[in-house]
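Subject: Structure for you to look at

Hello,

Here is the structure you will be working with. Please open it before you read the notes below it.

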Amino acid sequence: MLNQVLSQRPQQGVSFIKQYLIQLGQFLGLLTVANNRPIYAKELDIKQLLVEGFTSEKMKYVVTFVCRILKECQKSTIFKNQNPWVKANLDILKEIYLIIS
């Protein structure tokens with residue numbers, strides 16, 4: 001479903017797509033990481049999604065989506081900053097930030 005949203009040209013405007021991805025990321029984060037359940041790479045490979053978003057013009061949408069998922073880690077007891085999964089995703093976001101700026 002995420003690939004369908006990202007592959008379509010915005011017909012209803014950029015803000016609609018961004019708001020949709022914010023809500024989708026928050027919902028997914030609440031269902032998974034906030035309840036101490038991991039997001040498996042076979043279901044949604046966040047690292048690959050960030051790399052694909054970086055190489056295309058959809059980067060701001062992908063980063064927004066991933067940040068909303070990671071924001072829900074604050075409600076988790078397992079997924080804290082030192083968790084390897086969280087740390088790997090934050091490192092990728094940091095590298096993207098350093099390359100852009």
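Predicted model: local features only at pLDDT ≥ 70, side-chain atom pairs only at ≥ 80, totals over all residues.

Residues are numbered from 1 along each chain as its sequence is written, and side-chain values use heavy atoms, with hydrogens and water left out.

The protein chain has 5 helices and 0 strands (DSSP runs, H or I of at least four residues for helices and E of at least two for strands, numbered from the N terminus). Of its 101 residues, 36% are buried (under 20% relative accessible area, with a 1.4 Å probe and protein chains only).

Helix α2 covers residues 14–31 and helix α4 residues 59–71; they pack at about 30°, with axes 7 Å apart (axes are lines fitted to C-alpha atoms over the stretch in contact, and angles run from 0 to 180 degrees between N-to-C directions). That makes α2 roughly parallel to α4 (angles under 35 degrees count as such). Residues in the contact (heavy atoms within 4.5 Å) include Leu21 and Leu28 of α2 and Tyr61, Phe65 and Ile69 of α4. The contact residues divide into 9 nonpolar, 4 polar and 3 charged (Ala, Val, Leu, Ile, Met, Phe, Trp, Tyr, Cys and Pro count as nonpolar, Asp, Glu, Lys and Arg as charged, and the others, Gly among them, as polar).

In α4, the buried residues are Tyr61, Val62, Thr64, Phe65, Val66, Ile69 and Leu70.

Regards

Note on methods:
Parallel < 35°, antiparallel > 145°, perpendicular 65-115°, else oblique. Buried < 20%, exposed > 50% of the residue type's maximum accessible area, 1.4 Å probe, protein only.
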